[in-house]
Amino acid sequence: MGNPTESPAINPNGRNTLERFFNCVNDVIEKPVTWFRESIVEPNRKVYPWYHQQFRRVPTIDQCYTDDVTCYFEANVQFKRDKQVDNEILSILRQRFEDCVLYEAPDHLKKCRPLLDQYEEATANWFTKYGDLGAYGDVRAAYMKQKHRMIWERRHGPVGSGMKE
């Protein structure tokens, strides 16, 4: 008989008149749709995994009008998405450094120094942008933090260098 996992051959002519009629109706409905999908839709579709989805950039909070709630919402969602991406970047850098320390155990202070410097710089940049916002920090609070930092630097120099006399 053949392989038991194979499906039995389907008789395209059908066993009786009713089955042949349903096969014809099925062919009339399904064949054009299948042809259209296989020859037009699928060749013109970009294939990429869902986790590489790219969102279009929306206007930032400084480009929104004060009464434009939709623009504020989109900017806030973009801010939260950027924060998640930055968190993952920090996580990857931290994991690389920890793996290096485990692998290069006796000489890790010398061999893993570039990874540590890169991680510390990324951490400082993350804290500059997102630090002190709290768990519920939104784009407006981050924008105000950035504005206050710029005013401070204009008046007193870079943050951490002390105040001008």
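His156 lies in helix H5, which spans residues 139-156; helices here are DSSP runs of H or I with at least four residues, and strands are runs of E with at least two, numbered from the N terminus. With a relative accessible area of 17%, His156 is buried, a class that requires under 20% relative accessible area, whereas exposed means over 50% and partly exposed lies in between (1.4 Å probe, protein chains only). Leaving aside residues up to four places away in sequence, His156 touches Ser161, Gly162, Met163 and Lys164, where contact means heavy atoms within 4.5 Å.

The model is predicted, so that local features need pLDDT of at least 70 and side-chain atom pairs count only at pLDDT 80 or more, while totals for chains, interfaces and linings use all residues. Residues are numbered from 1 along each chain as its sequence is written, and side-chain values use heavy atoms, with hydrogens and water left out.

Helix H1 covers residues 17-41. Its 25 residues reach 35 Å from the first C-alpha to the last, close to the 36 Å expected at 1.5 Å a residue; the expected span is 1.5 Å times one less than the number of residues. At the start of H1, a side-chain oxygen of Asn16 comes to within 3.3 Å of the backbone nitrogen of Leu18. This falls under the term polar contact, a pair of N or O atoms within 3.5 Å; within protein, one must be able to donate a hydrogen and the other to accept it, and residues adjacent in sequence count only if both atoms are side-chain atoms.

The aromatic side chains come next. A pair of aromatic rings is described by the distance of the centres and the angle of the planes. The structure holds three aromatic pairs, counted when the ring centres of Phe, Tyr or Trp (its six-membered ring) lie within 6.5 Å; planes under 30 degrees apart are called stacked, over 60 edge-to-face, and the rest tilted. One of the pairs joins Phe79 and Tyr130, which are tilted at 50 degrees between the planes and 5.4 Å centre to centre. Phe79 belongs to helix H2 (residues 69-103) and Tyr130 to helix H4 (residues 113-130), so the pair ties together parts that are 51 residues apart in sequence. Phe79 and Tyr130 are buried, and the relative accessible area of Tyr130 is 3%.

Tyr130 also pairs with Trp126, again in a tilted arrangement, with 5.5 Å between the centres and 45 degrees between the planes. Both Trp126 and Tyr130 lie in helix H4, four residues apart, about one turn of the helix. An α-helix has 3.6 residues a turn, so residues three or four places apart point the same way. Trp126 counts as partly exposed because its relative accessibility is 22%. Phe79, Trp126 and Tyr130 form one aromatic cluster.

Two further rings carry a charge over the face. The charged end of Arg140 sits over the ring of Tyr72, 4.2 Å from its centre, and Lys145 lies over the face of Phe127, at 5.5 Å from the ring centre. The criterion is that NZ of Lys or CZ of Arg is within 6 Å of the ring centre and within 35 degrees of the ring normal.

Helix H2 also contains Leu90, which is buried because its relative accessible area is 9%. Beyond residues up to four places away in sequence, Leu90 touches Tyr119, Ala122, Thr123 and Trp126. Asn76 is likewise found in H2 and is buried at 12%; with the same exclusion of sequence neighbours, Asn76 touches Asp138 and Val139. Ile92 is another residue of H2, and at 44% relative accessibility it counts as partly exposed.

The loop between H4 and H5 includes Gly137, which is buried at 14% relative accessible area. The C-alpha atoms of Gly137 and Lys80 are separated by 9.1 Å, although these residues are 57 apart along the chain. Asp132 lies in the loop between H4 and H5 and, at 71% relative accessibility, counts as exposed. Most residues other than glycine have a negative phi. Asp132, however, has a positive phi of about 65 degrees although it is not a glycine.
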